[in-house]
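User: I'd like to go through this one with you and check what the labels rest on. Can you show it first?

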Amino acid sequence: MNADRRQVLKTGGGATLLALLAAAGWIPSAWADAPGWSKADFDAHTMDDALKALGAGKPAASGDIAFFSTPDIAENGGVVPIGVNSKLPNTESIAILVDKNPFTLAALFDFPAGTEPTISTRIKMRETSNVHALVKAGGKYFVTSKEIKVTLGGCGG
Amino acid sequence: MPSIRSLRLITGAVAIGAALLAGPVVAQTTLENASAKYRQDLAEGNPADLWVARGQEMWTQPRGPKKVSFESCDLGQGPGVVKGAYATLPRYFPDAGRVMDLETRLVWCMVNQQGYTHAEATKLTFGNGSRHRSDLEALTAYVAKESDGVKMNVSLADPHVKEMYDIGKKAFFYHAGTHDFACATCHASDDLRIRLQYLPNLTKPAGAQKAYTTWPAYRVAQGETRSFQWRLHDCFRQQRFPDLIYGSDLSIALTTYLAASANGAVYVGPGIKL
Amino acid sequence: MADPMKIRANLVGDSTEVKVLMSHEMDTGLVKDKAGKIIPAWWIQTVKVTHNDKVVLTAQWGTAVSKNPFMSFKFKGGAKGDKVTITWIDNHNDSRTDTAVIA
């Protein structure tokens, strides 16, 4: 392990580093992003970066977006139920973002015409944080936020 | 909360005392409500269904060296009959000469009908992720699901079963281990809890019923569906007892005591628990 | 080989309600195993739902979606007996497709 690490450090450089990591078994060889998965969006570590990556600019707060079946307190951060409903006309997508997670964007759902802009899922939260529902409707971005308290973190434990 | 604050302003010292007393109670109720809501929000889609589906598929597949399916396995309702079987277990099986719970009976069928050795059949009793999945946990979830909506009815008429019930009850109150623990330490009083989770009082019908009828269960913290044998095994670990052997008479005695204590309640599992 | 999904599709009024459970570890890549070695990130990245070959929902997921993911949504139309098909693809380029009939 130590030898590998030294080699990695000495070599530096992106591509070589990746190849070495793969060779050391740190990255599975079959690793490949699924077609249509936007790596840049999901790599963001802060809300600002995520909004930038998504091209959402400064979204307007909206009362037409609501959380439902979403707890105020989650006893296990590994499984936090999140429901989001948008009443905004021409809702195209709903994104769920968590301020204090290692990666801010948790999930992004696209709604073709005919699908109700409502989604339920479950996410992991590292700690108590604001959770944002970011909606793209008619080409513009809107957001509503809610704090969810986590009594047991969702990253192992 | 605002009413407490205004009370303090209006009536002075006496009210301050009352408010200080009321504070924690209010906070606790809020927490309890929040906790109840979280559990309610979780209940909609129970991943235990994934285990049920896997167990159901396994049930009819030829298995083991003898290539025999579980359709010849008698859970007390006739060979292969799963409907309502879980709600009547443990029971005495004359062919085995033992009182058995579901898990023990499944192992017995794997050994005596499918041709596995006991070691093979019990190699992975508790799974760990998709790379180490336990067939027994899937089979248990499936069979239990087939009792969903059925009233618990563990008969103590057979003296073998009654004997196990009595031993189980004794074991439940038996203090042992480095920490002088018993099952009863945590499960014989009302209102005890770990963090926000209330511990059921298993000595009362309501507590035993609510607890027993929701196992097996998907454990959110583990991402696994666990059987009642797992529940007991982990309680022993938490008590710093030696490992509870899977399918041992002690495990069956405790199961018999708790299952019979749940008699009359409708089985509603597999459940979802933190 | 990934395990089958559990899909329920029910007609509620003039909408079809879809609920799906997927069997997946959804490893974040931030957790260590008992030996102290990082468990590499392994998660479902895209999900596509079709109703009679028309796309009714697509999703992109990060590692923050919970283990054994659950998702539920509704689309207009659909009739009893119609097919709802769901496909997920993970970062190992492993995928799984399952179909349910609207009840």
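**Contacts, strands and a helix**

Analyst: Between the two chains, 33 residues of chain C are in contact with 37 residues of chain A. By class, the chain C side of this has 16 nonpolar, 14 polar and three charged residues. This is a predicted model, where local features need pLDDT of at least 70, side-chain atom pairs count only at pLDDT 80 or more, and totals for chains, interfaces and linings use all residues. Residues are numbered from 1 along each chain as its sequence is written, while chains are lettered from A and ligands numbered from 1 in the order in which they are written.

User: What makes two residues count as "in contact"?

Analyst: Their C-beta atoms, placed from the backbone, have to lie within 7 Å.

User: Why are strand E6 (residues 105-110) of chain A and E4(C) called paired?

Analyst: Pairing takes at least two bridges found by DSSP. Four bridges join E6 of chain A to E4(C), so they pair. The two run antiparallel, and A:Phe109 stands opposite C:Ala59.

User: Which residues of helix H4 (residues 47-54) of chain A are buried, and what makes a residue buried?

Analyst: A:Ala50, A:Leu51 and A:Leu54 are. The label needs 20 or more other C-beta atoms within 10 Å of the residue's own, with C-beta atoms placed from the backbone.

User: How do you know that the three share a side of H4(A)?

Analyst: Their arc, taken from the directions from the helix axis to the C-beta atoms, is only 100°, which puts them on the same side of H4(A). What covers them includes helix H3 (39-43), strand E5 (91-98) and E6 of chain A.

Methods:
Ala, Val, Leu, Ile, Met, Phe, Trp, Tyr, Cys and Pro count as nonpolar, Asp, Glu, Lys and Arg as charged, and the others, Gly among them, as polar. A residue is buried if 20 or more other C-beta atoms lie within 10 Å of its own, exposed if 12 or fewer, and partly exposed in between; C-beta atoms are placed from the backbone.
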